[in-house]
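Open the model in your viewer and start with a cartoon view. The tour moves from the whole chain to single residues.

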Amino acid sequence: MLTFAVALKDKGVPVPEIAKKLTIKVGKNAGKSPSVASLYRALAEAEEAAADDGLPLRPTPVRIRRPEEPLTPEEIHLRERLQAQPHPNAELR
């Protein structure tokens, strides 16, 4: 839901309009739209978290390369950073 909200915000859709398009999936407010204040807070937290870990909130467009083409230094660096992160389901294993 947050990824969708970020995409809409990037396209210039006002936050109050974005809030109307979203639906809370679980909890006591399931089936309702989030408040505008909650959406502003979630967007700000997502931006802050992206800045903290150094990874972009939105992926940058890339050219699809063929398997035989070598990785660029930037791709190698990103691959190493992603591989160094713990798997999100590691505690479930």
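Contact here means heavy atoms within 4.5 Å. With that cut-off, take the contacts between residues at least 6 apart in sequence: 31% of them join residues at least 24 apart. Keep in mind that this is a predicted model.

**Whole chain.** Colour by secondary structure. You get four helices and zero strands. Along the sequence, the pattern reads α-α-α-α. The accessible area is about 7700 Å², and carbon and sulfur atoms account for 58% of that. Of the 93 residues, 15% are buried.

**The core.** Select Ala 5, Val 6, Leu 8, Val 15, Ile 18, Ala 19, Leu 22, Leu 39 and Leu 43. These nine residues form the largest nonpolar core. Which helices each supply at least two of its residues? They are α1 (2-10), α2 (15-21) and α3 (36-53). In soluble globular proteins, nonpolar side chains tend to be buried together.

**One residue inside it.** Centre on Ala 5. Leaving out residues up to four places away in sequence, Ala 5 touches Ile 18, Leu 22, Leu 39 and Leu 43.

**Last stop.** Step just past the end of α1 to Gly 12. Check its backbone torsion: phi is positive, about 95°.

Notes. Residues are numbered from 1 along each chain as its sequence is written. This is a predicted model: local features need pLDDT of at least 70, side-chain atom pairs count only at pLDDT 80 or more; totals for chains, interfaces and linings use all residues. Side-chain values use heavy atoms; hydrogens and water are left out. Buried means under 20% relative accessible area, exposed over 50%, partly exposed in between (1.4 Å probe, protein chains only). Accessible areas come from the Shrake-Rupley method with a 1.4 Å probe; for residues, only the protein chains shown count as cover. A nonpolar core is a set of buried Ala, Val, Leu, Ile, Met, Phe, Trp, Tyr and Cys residues joined through side-chain atoms within 4.5 Å.
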